Amino acid sequence: MDGCLSHSFEGSSQNAMLWKLKAIGWVACAGGWLLVVAGVGLGLGPIVLQTYLEMEDAKVGPADSSVERKSHFPAPAVAKLSSLRFRWQMFVLTNGESNLLKGPVALTPPPSRAFIGNSIIAAHRDLQFRFLKDIRVGDEFGLQSEDGDYIYRVTKTYIVEISDRTLLMPSKDRVLTLVTCYPFYYVGSAPQRFIVRANLVEDGKRQLITYQQ
């Protein structure tokens with residue numbers, strides 16, 4: 001009798017353990033799917049927003065002298081940054097932590113007739129600015145702002161500590177500064193910053209020619 005009870009208890013313990021293992025497996029699987037969904041959401045969020053901005057921008061049509069350029073960019077966009085060599089273009093959004101997950105953000109006013117100085121744009125290294133790892137001196141960026149189109153040519157790249165804000169200071173010249181975290185493939189909060197500095201080489205009220213998507 002005792003042997004039967006013992007066997008019964010062992011069987012119950014094994015079944016309980018089996019159910020616990022199954023439960024752990026289900027939870028792990030569900031957690032994995034949640035991570036996948038969250039990852040997909042983070043990846044699709046910027047694409048959805050940028051696509052929406054492109055559609056809204058297309059409704060307005062090319063800017064002309066009879067239309068205020070300010071109305072050319074649907075909120076929360078304030079400019080459009082592009083690189084012909086990398087076949088890349090994105091709307092630049094107003095500054096804010098939530099917008100930084102959706103696209104490049106302007107840390108200063110975009111270039112305009114009223115703003116002469118250091119135009120600073122920041123973005124995540126593992127999202128919008130990953131291509132900067134392959135940037136070269138001489139590469140050009142187009143920047144559409146409210147009142148004109150500007151072309152900047154890269155003059156130098158820098159790797160600096162987070163505390164070094166020298167390149168983020170105001171400038172008496174028209175320059176473009178792109179900022180992202182560094183190293184590009186660092187896991188976790190990156191300890192440094194990668195900075196691209198470009199000088200203005202052309203500006204004017206003309207339609208910026210970019211690649212066909």
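The protein chain exposes about 12,800 Å², and carbon and sulfur atoms supply 61% of that area; accessible areas come from the Shrake-Rupley method with a 1.4 Å probe, and for residues only the protein chains shown count as cover. The model is predicted, so local features need pLDDT of at least 70 and side-chain atom pairs count only at pLDDT 80 or more, while totals for chains, interfaces and linings use all residues. Residues are numbered from 1 along each chain as its sequence is written, and side-chain values use heavy atoms, with hydrogens and water left out. Of the 213 residues, 36% count as buried (buried is under 20% relative accessible area, exposed over 50%, partly exposed in between, with a 1.4 Å probe and protein chains only).

**Fold and strands**

- The protein chain has 2 helices and 8 strands, in the order α-β-β-α-β-β-β-β-β-β from the N terminus; these are DSSP runs, with helices being H or I of at least four residues and strands E of at least two.
- Among contacts between residues at least 6 apart in sequence, 60% join residues at least 24 apart, where contact means heavy atoms within 4.5 Å.
- Strand β7 (residues 175-182) is mostly covered, with 7 of its 8 residues buried.
- Strand β4 (residues 118-122) pairs with β7 in the parallel sense over 5 bridges; pairing requires that DSSP finds at least two bridges between two strands.
- Within this pairing, Ala-122 of the chain stands opposite Val-179 in β7.

**Nonpolar cores**

- A nonpolar core is a set of buried Ala, Val, Leu, Ile, Met, Phe, Trp, Tyr and Cys residues joined through side-chain atoms within 4.5 Å.
- The largest such core has 24 residues, of which Leu-81, Phe-129, Leu-132, Phe-141, Leu-176 and Leu-178 touch the most other members.
- Strands β1, β2, β5, β6 (149-161), β7 and β8 each supply at least two residues of this core.
- A second, separate core of 14 residues includes Phe-73, Phe-91, Val-105 and Ala-122.
- Phe-141 is buried, with a relative accessible area of 1%; leaving aside neighbours within four places in sequence, its contacts include Leu-81, Phe-131, Leu-132, Tyr-152, Leu-176 and Leu-178.

**Aromatic pairs**

- The whole structure holds 9 aromatic pairs; rings of Phe, Tyr and Trp (its six-membered ring) pair if their centres lie within 6.5 Å, and planes under 30 degrees apart count as stacked, over 60 as edge-to-face and the rest as tilted.
- The rings of Phe-129 and Phe-131 have centres 6.1 Å apart and planes at 90 degrees, so this pair is edge-to-face.
- Phe-129 and Phe-131 are both buried, the latter with a relative accessible area of 11%.
- The rings of Phe-131 and Phe-141 have centres 6.3 Å apart and planes at 50 degrees, so this pair is tilted.
- Phe-131 lies in the loop between β4 and β5 (140-144) and Phe-141 in strand β5, so the pair ties together parts 10 residues apart in sequence.
- Ring pairs link Phe-86, Trp-88, Phe-129, Phe-131 and Phe-141 into a cluster.

**Backbone geometry in loops**

- A cis peptide bond, with omega about 5 degrees, joins Ala-75 and Pro-76; Pro-76 is in the loop between α1 (2-60) and β1 (77-83).
- Another cis peptide bond joins Tyr-182 and Pro-183, with omega about 0 degrees; Pro-183 lies in the loop between β7 and β8 (192-204).
- Arg-87 is not a glycine but has a positive phi of about 50 degrees.
- Arg-87 lies in the loop between β1 and β2 (88-94) and counts as exposed at 52% relative accessibility.
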